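Please open the model in a viewer and follow the selections below in order. Each stop names what to select and then describes what is found there.

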Amino acid sequence: MMKFKSPPVNSLSLDFLTEFSISLEKLENDRACRGVIITSAIPKIFSSGLDITEMCGKSVEHYAEFWRAVQEMWLRLYGSNMVTVAAVNGASPAGGCLIALSCDYRIMAENPKFSIGLNEAQLGIVAPFWFKDTFVNVVGQRIAERALQLGSLYPAPEALKLGLVDELVPEEKLLEKASAVMAQWLALPDHARQITKSMMRKAVLDRLVAHREEDIKYFINFISKESIQKSLRMYMEMLKKKKS
Ligand SMILES: CC/C=C\CC/C=C/CC(=O)SCCNC(=O)CCNC(=O)[C@H](O)C(C)(C)COP(=O)(O)OP(=O)(O)OC[C@H]1O[C@@H](n2cnc3c(N)ncnc32)[C@H](O)[C@@H]1OP(=O)(O)O
């Protein structure tokens, strides 16, 4: 089990992403480890997505390093040979949603206050093609078109209806259920499941691998625009105001 614990909201900073990727690599190389359940140690928050402060007012070199770390995390998780189960025990916007979508199975706490989705458009930014591809592979083209254009965050019951998560369980049963699902998936021979998983995901993974440097350049160019920087600053202000 891997439990995110980066208060206050498990935002995906460069350090967080680096540590997450290293942990995944270690587990991947450990022959005794066949599966991982991903959840959060912070009540009400699975992950608040990419750390917005990493994308505001930093150098081009920093943006490049940060984006490479985001790519690396996704390539490792989406391409993992292990069984990956997301036990989503709180809010899961944007990058948090990407982590859940990259797993093999998603179980969410049945709390309508917890929402999940790719809300990038609401911040005035655009979910990259590989976020979009991952989303489409879970819910299909039509639902993805609407959800991504509107930057919708769906409360848990709606997320279930759309297939964004596979099931809802009472919060106190979440880990028990995740373990049961893990046992069911691990009952199959690894090689058959792994080859099948790779067959289903390879095209999408290969697309990023083939365009990785281009994707970094595109991100730097996009995020460095003054209009985008302004949108992000306003969004951060809005988050702070909401509090007071
Ligand atoms: C070409 C491609 C170009 C660009 C693609 C870039 C892709 C980006 C994908 C992303 O992941 S963008 C991030 C999107 N995330 C969000 O929109 C989530 C924003 N946060 C929230 O909605 C809420 O914070 C929450 C529902 C997660 C939690 O709510 P609550 O418990 O009420 O906490 P607070 O809102 O008071 O937040 C506490 C604290 O944390 C700061 N914070 C929250 N989220 C982030 C974040 N993603 N990055 C950095 N910091 C974040 C928030 O401002 C508060 O800070 P204080 O200093 O005021 O304590």
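Begin by selecting strand β7 (residues 115-117) together with β8: the two pair in the antiparallel sense over two bridges. Strands count as paired here if DSSP finds at least two bridges between them; strands (E, at least two residues) and helices (H or I, at least four) are DSSP runs, numbered from the N terminus. Within this pair, Ser115 stands opposite Pro155 in β8.

Before going on, note that residues are numbered from 1 along each chain as its sequence is written. The model is predicted: local features need pLDDT of at least 70, side-chain atom pairs count only at pLDDT 80 or more, and totals for chains, interfaces and linings use all residues.

Most residues other than glycine have a negative phi, and most peptide bonds are trans.

Five strands in the order β1-β2-β4-β6-β9 form an open sheet with parallel pairing. Its edges are β1 (2-4) and β9 (167-169), each with a single partner strand, so one side of each is left without a neighbour in the sheet. On average, and ignoring direction, neighbouring strands of this sheet are turned by 20 degrees against each other; such angles are taken between axes, which are lines fitted to C-alpha atoms (for helices over the stretch in contact), and run from 0 to 180 degrees between N-to-C directions. Inside the sheet, strand β2 (residues 35-40) pairs with strand β4 (residues 83-88) in the parallel sense over four bridges, and Gly35 stands opposite Val83 in β4.

Select Pro7 and Pro8 next: a cis peptide bond joins them, with omega about 5 degrees. Pro8 lies in the loop between β1 and α1 (14-29).

Turn now to helix α2 (residues 60-78) and α9, which pack at an angle of about 130 degrees with their axes 9 Å apart. The two helices are therefore oblique to each other (under 35 degrees counts as roughly parallel, over 145 as roughly antiparallel, 65 to 115 as roughly perpendicular, and the rest as oblique). Residues to display in α2 include Tyr63 and Trp67, and those in α9 include Ile216 and Phe219, all part of this contact; contact requires C-beta atoms, placed from the backbone, within 7 Å.

Finish at the ligand. Which residues come nearest? Of the 28 residues around the ligand, they are Ser48, Gly49, Leu50, Ala94 and Gly95, where a residue is near if its C-beta atom, placed from the backbone, lies within 6 Å. β5 (90-93), α9 (212-223) and α10 (226-243) each supply at least two residues of the shell.

Key:
Contact = placed C-beta atoms within 7 Å.
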